[in-house]
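Colleague: Hi! Could you walk me through this model in plain words?

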Amino acid sequence: MSNVDLDALLTRARNYTVHSHAAHTLQNYAADWKHFTAWCTEHGRRSLPAAPETILCYVVALVDRYSVSTIERRLASISYYHKQARHPLPTKDPEVERAMRGIRREKGVAPQGKAPILLDTLRQMIAALPDDRRGLQDKAILLVGFAGAFRRGELVSLTIADVRFVEEGMIIYLRRSGDRSGGEASVAGCRTASDANLSPVRALRRWLEVSITSGPPFRLIDRHGTSAKSRSTRTGWSVQSSAPPN
C-alpha cells in the first residue's frame, strides 16, 4: 500500500474521532477544563500533566461548593484532556480515588428522583392538549415517555429509524447519553394500550403519519404548525412511570 493510501486512511480515521463524543459532552469537557486550568494558574500549579497532589487539592477546594456529581464530571474532563495528550491519569491515582470514596461517603450520592405521574394525571394532561400538530406531537411525547419511562434526553435522541412497529406494539432502540454508537443501544418495548386515547403506539403512528418520515420524530414546531429540522426541546416534562398503560 502506498504512502498516499496510508495518508488517506489516517485522514479518514481522524475524521471519525470527531464523532467519538457528543457535541454537548465536548462542551462540558471544555468548560470544566477551563475551570481547572484557571484554578491551577491561580495557585501556581501545572495543569498538564497535573500531579495527583494537584488533583487532591482541587477536589478539596470544590467539595464545599459543588455536588459530588459535578466533582466527578470535572475529574472526567481532566482525565479526557490527559488522555488526549497521552499523559498518565492523575485522577486514577490511588490517593485521589480514596479521597473521592470518602467524599461520596461524607456527602452522600443518593439521587433526587422525580415523582412519577399517575395514570389519572396522564389522562388529564392528554385531555388538555390542543387538537393540532403540536398537540399530536406532545401526545406522542407524553405517551411514549410514560410507557417506556424514558428520560428527556432519551426522547430527544430518538430517530424514526430507532422505532420498529410490530404486531404487539413497537420496539424502540434506545441510544444512551446521546451517544450515536451502535454498541450503546438498549431495547425498550411498548404495547398497544387497550384505551386508544392512551396508546403510545397509536399516538406515535398518528404523529408520524401527519408529520415526518425520517430523522428525529420530535422537533420544534413554529407558530404556523411547521416542524423544524432540529430536535424538539419540548420534552421538558419528567415523564416517568413504573409501568406502561395497558
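Colleague: How many helices and strands does the protein chain have?

Modeller: The protein chain has 9 helices and 5 strands. Helices here are DSSP runs of H or I with at least four residues, strands are E runs of at least two, and both are numbered from the N terminus. This is a predicted model, where local features need pLDDT of at least 70 and side-chain atom pairs count only at pLDDT 80 or more, while totals for chains, interfaces and linings use all residues. Residues are numbered from 1 along each chain as its sequence is written, and side-chain values use heavy atoms, with hydrogens and water left out.

Colleague: What pattern does the chain follow along the sequence?

Modeller: Reading along the sequence gives α-α-α-α-α-α-α-α-β-β-β-α-β-β.

Colleague: And what share of the residues counts as buried?

Modeller: Of the 246 residues in the protein chain, 34% count as buried. Buried means under 20% relative accessible area, exposed means over 50%, and partly exposed is in between, using a 1.4 Å probe and protein chains only.

Colleague: Let's talk helices. At what angle do α6 and α7 pack?

Modeller: Helix α6 (residues 119–127) and helix α7 (residues 133–148) pack at about 165 degrees, and their axes are 10 Å apart. That makes α6 roughly antiparallel to α7. The axes are lines fitted to C-alpha atoms, for helices over the stretch in contact, and angles run from 0 to 180 degrees between N-to-C directions. Angles under 35 degrees count as roughly parallel, over 145 as roughly antiparallel, 65 to 115 as roughly perpendicular, and the rest as oblique.

Colleague: Which residues make that contact?

Modeller: On α6 they are Leu119, Leu122, Met125 and Ile126, and on α7 they are Lys139, Leu142, Leu143 and Phe146. Contact means heavy atoms within 4.5 Å. By class, the contact of α6 with α7 has 7 nonpolar, no polar and 1 charged residues. For those classes, Ala, Val, Leu, Ile, Met, Phe, Trp, Tyr, Cys and Pro count as nonpolar, Asp, Glu, Lys and Arg as charged, and the others, Gly among them, as polar.

Colleague: How do α3 and α4 pack, then?

Modeller: Helices α3 and α4 pack at an angle of about 150 degrees, with axes 11 Å apart. That makes α3 roughly antiparallel to α4. Their contact is made by Ile55, Tyr58, Val59 and Leu62 of α3 together with Ile71, Arg74, Leu75 and Ile78 of α4. The classes in this contact of α3 with α4 are 7 nonpolar, no polar and 1 charged.

Colleague: New topic: how many residues are in the largest nonpolar core?

Modeller: The largest nonpolar core has 29 residues, and those with the most contacts inside it are Leu122, Met170, Ile172, Leu204, Trp207 and Phe218. A nonpolar core is a set of buried Ala, Val, Leu, Ile, Met, Phe, Trp, Tyr and Cys residues joined through side-chain atoms within 4.5 Å.

Colleague: Which elements give two or more residues to this core?

Modeller: They are α6, α7, β2 (169–175), β3 (185–191) and α9 (200–210). Helix α7 gives the most to this core, with 7 residues. Apart from it lies another core of 18 residues, including Trp39, Leu56, Leu62 and Val96.

Colleague: Back to α7 for a moment. What is Arg133 in contact with?

Modeller: Arg133 sits in helix α7. Leaving aside neighbours within four places in sequence, Arg133 is in contact with Trp207, Val210, Ser211, Ile221, Gly225 and Ser227. Arg133 and Trp207 are 74 residues apart in sequence, while their C-alpha atoms are 7.9 Å apart. With a relative accessible area of 27%, Arg133 is partly exposed.

Colleague: Now the loops. Which peptide bond is cis?

Modeller: The one from Leu48 to Pro49, with omega near -5 degrees. Pro49 lies in the loop between α2 (23–42) and α3 (52–62), and Arg45 is found in the loop between α2 and α3 as well.

Colleague: What is the phi of Arg86, and where does that residue lie?

Modeller: Arg86 has a positive phi of about 60 degrees, although it is not a glycine. Arg86 lies in the loop between α4 (68–84) and α5 (94–107).

Colleague: Is Arg86 buried or exposed?

Modeller: Arg86 counts as exposed, because its relative accessibility is 76%.
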